[in-house]
Amino acid sequence: MKQIDRRIPVELPDLKGREEILRVHAKKVRLSDNVDFNAIARAASGASGAELANMVNEAALRAVRENRKFVTQADLEESIETVIAGYQKKNQVLSTKERLIVSYHEIGHALVAALQTHSAPVTKITIIPRTSGALGYTMQVDEEERNLMSQEELTNKIATLTGGRCAEKLVFDSITTGASNDIEQATKLARAMITRFGMSEKFGMVALETQANPYLGGDSSLSCSSETAAEIDQMVVETVKAGYEKAMSLLEENKGKLHELAKYLYEKETITGEEFMQILNRAHS
């Protein structure tokens with residue numbers, strides 16, 4: 001008898017699914033009264049069921065380490081970052097110069113995001129290194145579950161990704177290796193806009209790249225001539241450059257806020273989205 005393999009794609013849970021998965025795993029631990037599962041589920045956008053289970057475990061471990069008998073909202077918030085970015089490397093000491101560069105880099109991202117419409121709100125900025133290798137990061141969380149992204153939102157996202165490098169260049173007139181992940185993400189996004197989402201005037205609604213097995217890593221292959229491939233490369237460069245130029249002009253126009261916010265982050269190490277927005281919206285004294 002012939003064996004027929006049936007492939008059942010397992011999609012990542014949506015907001016409601018994430019909230020329910022968190023609640024199921026949280027039944028095994030003692031919780032404080034103020035835990036907001038919806039907020040945790042929103043912040044954990046894109047997480048798999050296994051990652052969500054891991055987040056609850058990490059939150060419980062954090063509570064134990066701090067000699068508490070119950071898990072708090074702060075434990076769960078920190079556990080999201082632990083699963084996504086790794087543990088805090090509290091023993092990794094950055095030099096004063098490096099810490100200052102990372103502060104400006106992260107504020108560069110946050111400021112470009114906040115100064116553009118159609119960008120997810122900034123919820124946290126930190127310059128505490130993580131075991132994933134990240135020296136700092138900026139968290140943005142959409143206020144509601146998103147299934148579609150417009151061309152404008154994707155273009156803004158590319159500008160936000162370049163904001164860290166722009167801030168380094170603007171303030172120190174020097175660039176570092178700290179933007180490597182930003183560069184990778186911005187390039188991927190620009191390429192997808194042109195080859196898969198039909199968001200270029202030149203090619204319009206033509207699929208120039210096909211994605212095989214999106215549930216198994218999603219290998220993609222170009223389905224076009226070498227001349228078109230070269231044109232795509234050029235368009236990707238132009239798209240990312242346009243994002244960079246937009247980010248640079250936003251930071252140049254708001255240089256005072258860039259300095260003020262970077263100084264505050266440098267001193268505090270971690271700031272909330274509320275603190276960030278308060279300083280941004282505060283009139284110059």
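How many disulfides does the count come to? The count comes to zero, where a disulfide is a pair of cysteine sulfur atoms within 2.5 Å. In general terms, a disulfide is a covalent bond between the sulfur atoms of two cysteines.

Before going on, note that this is a predicted model, in which local features need pLDDT of at least 70 and side-chain atom pairs count only at pLDDT 80 or more, while totals for chains, interfaces and linings use all residues. Residues are numbered from 1 along each chain as its sequence is written, and side-chain values use heavy atoms, with hydrogens and water left out.

**Stop 1**

Select Cys 166. Cys 166 is buried, with a relative accessible area of 0%; buried means under 20% relative accessible area, exposed means over 50%, and partly exposed is in between (1.4 Å probe, protein chains only). Now select Cys 224, which is partly exposed at 28%.

**Stop 2: the largest nonpolar core**

Select Ile 107, Leu 111, Ile 125, Leu 251, Leu 258 and Phe 276. These are the residues with the most contacts inside the largest nonpolar core, which has 27 residues. A nonpolar core is a set of buried Ala, Val, Leu, Ile, Met, Phe, Trp, Tyr and Cys residues joined through side-chain atoms within 4.5 Å. The elements that give two or more residues to this core are H5, E1, H6, helix H8 (226–253), H9 and H10. Helices (H or I, at least four residues) and strands (E, at least two) are DSSP runs, numbered from the N terminus. H5 gives the most to this core, with seven residues.

In soluble globular proteins, nonpolar side chains tend to be buried together.

Stay with Leu 251 and show its surroundings. Leaving aside neighbours within four places in sequence, Leu 251 is in contact with Gly 108, Leu 111, Val 112, Gly 163, Cys 166, Ala 167, Leu 170 and Leu 258; contact means heavy atoms within 4.5 Å. A second, separate core of 23 residues includes Leu 15, Leu 22, Ile 80 and Tyr 137.

Next select Glu 252, in helix H8. Glu 252 is partly exposed, with a relative accessible area of 49%. Its C-alpha atom is separated by 8.9 Å from that of Ala 167, 85 residues apart along the chain.

**Stop 3: helix H10**

Which residues of helix H10 (residues 273–281) are buried? They are Gly 273, Phe 276, Ile 279 and Leu 280. They cover an arc of only 130° around the axis, so they are on the same side of H10; the arc is that of the directions from the helix axis to the C-beta atoms. An α-helix has 3.6 residues a turn, so residues three or four places apart point the same way.

Colour what these buried residues pack against: helix H5 (96–115), strand E1 (122–126), helix H9 (255–268) and strand E5 (270–272). Then turn to the face of H10 directed away from its buried side, which carries the exposed residues Glu 274, Gln 278 and Asn 281.

**Stop 4: one aromatic pair**

The count comes to one aromatic pair. Rings of Phe, Tyr and Trp (its six-membered ring) pair if their centres lie within 6.5 Å; planes under 30 degrees apart count as stacked, over 60 as edge-to-face and the rest as tilted. Select Tyr 104 and Phe 172: their ring centres are 5.5 Å apart and their planes are at 90°, so the pair is edge-to-face. The pair links distant parts of the chain, with Tyr 104 in helix H5 and Phe 172 in helix H6, 68 residues apart. Tyr 104 is buried at 9%, whereas Phe 172 is partly exposed at 22%.

**Stop 5**

Select Glu 153 in helix H6 (residues 151–172). Is Glu 153 buried or exposed? Glu 153 is buried, with a relative accessible area of 12%. A polar atom of its side chain lies 2.7 Å from the backbone nitrogen of Ser 150. Not counting residues up to four places away in sequence, Glu 153 touches His 118, Arg 146 and Leu 148.

Move to His 118, in the loop between H5 and E1. His 118 has a positive phi of about 60° although it is not a glycine, and counts as partly exposed at 48% relative accessibility.

**Stop 6**

Glu 269 lies in the loop between H9 and E5. Its phi is near 75°, a positive value in a residue other than glycine. Glu 269 counts as partly exposed at 34% relative accessibility.

Finish at Gly 86, in the loop between helix H4 (73–85) and H5. Gly 86 is buried, with a relative accessible area of 12%. Leaving aside neighbours within four places in sequence, Gly 86 is in contact with Glu 81, Arg 130, Thr 131 and Ser 132.

Definitions and conventions: Polar contact = N/O pair within 3.5 Å; in protein donor to acceptor, adjacent residues only side chain to side chain.
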